[in-house]
Amino acid sequence: MKNKPLLIIGGGGHAAALAEILLKQNKKIVGVVAPELIAVGNVFDGIELFHNDDDILKFNPQDVLLVNGIGSMPFKLLREAIYNRFKKLGYEFATVIADSAIVSDYSVIGCGVQVMNNCVVNCGAAVRDNTIINTSSSIDHDCIIGAHCHLAPGSTLSGQVVVENNVHIATGSNVINNITIGRNSIIGVGANITKSIPANSIVYGARAIVKGLESNDS
Ligand code: JB2
């Protein structure tokens with residue numbers, strides 16, 4: 001199953017980043033499915049382009065693995081819709097782990113999860129289906145990350161953080177240990193999360209409070 005040819009869905013920046021990771025691993029990409037290729041560079045050169053999602057149906061679900069190259073941003077539901085549509089039709093999604101990522105042997109990585117370049121997933125962590133752990137993010141021990149989440153580049157989660165389904169954690173956010181982030185929440189860029197967040201929250205602002213030490217000078 002691991003060596004089946006791959007069909008990448010989407011032709012933008014996220015799909016291109018995935019394609020490069022997969023090509024470096026000598027994986028066979030038999031097609032890119034997108035109305036238009038908008039990725040810069042020529043990573044898709046020589047790969048057949050299919051313009052319509054229904055073209056995927058020309059491939060037997062037993063013969064290919066899909067790669068969900070549709071990225072994920074707040075309020076955009078296409079990535080999850082594509083995943084659910086083709087799972088129902090019997091297709092499987094490849095799990096993509098960049099060679100430069102460090103993923104513990106004692107972690108559990110779900111179907112269709114994408115661990116991009118330079119990430120760390122530490123021991124005891126679990127990442128559920130269709131979630132993106134984007135470039136240079138760090139998930140420490142015993143974290144549980146739900147399905148259909150996006151940890152944008154440079155997110156840092158300390159140990160035992162629970163992130164429920166459909167959460168977006170924006171670039172450069174930090175979460176201290178033992179925090180729960182409720183489902184469907186959006187954590188804004190650079191936020192520092194020190195308290196658990198209820199479901200359906202939008203959290204933003206990185207407030208650094210400077211508290212002077214009491215001086216011993218007399
Ligand atoms: O219904 C569709 C469809 N709609 C748009 N089916 C298929 N198969 N493809 C679709 N697309 C394609 O998704 C567009 O033709 C385009 O090729 C791609 C979207 O590319 P874009 O560069 O706009 O976004 P992205 O999804 O690659 O990346 C987003 O998410 C990443 C995680 C961006 O917001 C990035 O900045 C972000 N890093």
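**Ligand shell and a parallel sheet**

I'll start with the ligand. There are 20 residues around the ligand, and those that come nearest are His 14, Val 33, Glu 36, Asp 53 and Gly 71. Keep in mind that this is a predicted model.

Sorted by class, the shell around the ligand splits into nine nonpolar, nine polar and two charged residues. Two helices each contribute at least two residues to that shell: α1, covering 13–24, and α2, covering 78–88.

At Gly 71, a polar backbone atom sits 2.7 Å from an oxygen atom of the ligand. For Gly 13, the distance from a polar backbone atom to a ligand oxygen is 3.1 Å. For Ser 72, again from a polar backbone atom to an oxygen of the ligand, the value is 3.3 Å.

How many strands does the open sheet have, and in what order? The sheet has six strands, and the order reads β6-β9-β12-β15-β18-β21, with parallel pairing. At the edges are β6, residues 102–103, and β21, residues 192–193, each of which pairs on one side only.

One pairing in detail. β6 pairs with β9, residues 120–121, in the parallel sense, and the pairing runs over two bridges. Within that pair, Val 103 has Val 121 of β9 as its bridge partner.

Technical notes:
Residues are numbered from 1 along each chain as its sequence is written. This is a predicted model: local features need pLDDT of at least 70, side-chain atom pairs count only at pLDDT 80 or more; totals for chains, interfaces and linings use all residues. Side-chain values use heavy atoms; hydrogens and water are left out. A residue is near a molecule or strand if one of its heavy atoms lies within 4 Å of it. A polar contact is a pair of N or O atoms within 3.5 Å; within protein, one must be able to donate a hydrogen and the other to accept it, and residues adjacent in sequence count only if both atoms are side-chain atoms. Helices (H or I, at least four residues) and strands (E, at least two) are DSSP runs, numbered from the N terminus. Ala, Val, Leu, Ile, Met, Phe, Trp, Tyr, Cys and Pro count as nonpolar, Asp, Glu, Lys and Arg as charged, and the others, Gly among them, as polar. Two strands pair if DSSP finds at least two bridges between them.
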